Amino acid sequence: MPQRADPSVAAIVAARHGDPFAFLGMHEAAVNQALGGLCVRAFLPDAAAMAVVDGASGAVVATGKRVH
């Protein structure tokens with residue numbers, strides 16, 4: 001099943017989001033059990049990959065999924 005388009009993503013891409021840091025970054029959300037209920041969003045238009053790295057250990061704790 002295709003993922004539903006998020007209007008916040010379109011607004012970020014078009015540079016018309018009123019508060020991009022309310023959407024981007026790390027936020028509590030029940031969508032990601034691997035991160036213990038955290039969601040990390042980033043706008044990285046030229047990136048080939050994205051990972052979330054534990055600052056203390058340097059271990060990769062999650063990898064990103066492109067949605068746009």
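Where does Ala15 lie in the chain?

Guide: This is a predicted model, and in it Ala15 belongs to the loop between helix H1 (7–13) and helix H2 (20–23). The backbone angle phi of Ala15 is near 60°, a positive value in a residue other than glycine. Most residues other than glycine have a negative phi. Ala15 is also exposed: its relative accessible area is 72%, and the cut-off for that word is over 50%.

Strand S3 covers residues 51–53 and strand S4 covers residues 60–63; they run antiparallel and are joined by 3 bridges. Within this pairing, Val52 has Ala62 of S4 as its bridge partner.

Back at helix H2 (20–23), there is a side-chain arrangement to look at. The charged end of Arg41 sits over the ring of Phe23, 4.2 Å from the centre of that ring. As for pairs of aromatic rings, the count is 0.

Now the whole chain. There are 2 helices and 4 strands, and along the sequence they follow the pattern α-α-β-β-β-β. Of the 68 residues, 15% are buried. The chain exposes about 5,300 Å², with carbon and sulfur atoms supplying 58% of that area. Among contacts with a separation of 6 or more, 14% come from residues 24 or more positions apart.

Terms used. Residues are numbered from 1 along each chain as its sequence is written. This is a predicted model: local features need pLDDT of at least 70, side-chain atom pairs count only at pLDDT 80 or more; totals for chains, interfaces and linings use all residues. Side-chain values use heavy atoms; hydrogens and water are left out. Buried means under 20% relative accessible area, exposed over 50%, partly exposed in between (1.4 Å probe, protein chains only). Rings of Phe, Tyr and Trp (its six-membered ring) pair if their centres lie within 6.5 Å; planes under 30 degrees apart count as stacked, over 60 as edge-to-face and the rest as tilted. A charge sits over a ring if NZ of Lys or CZ of Arg is within 6 Å of the ring centre and within 35 degrees of the ring normal. Two strands pair if DSSP finds at least two bridges between them. Contact means heavy atoms within 4.5 Å. Accessible areas come from the Shrake-Rupley method with a 1.4 Å probe; for residues, only the protein chains shown count as cover.
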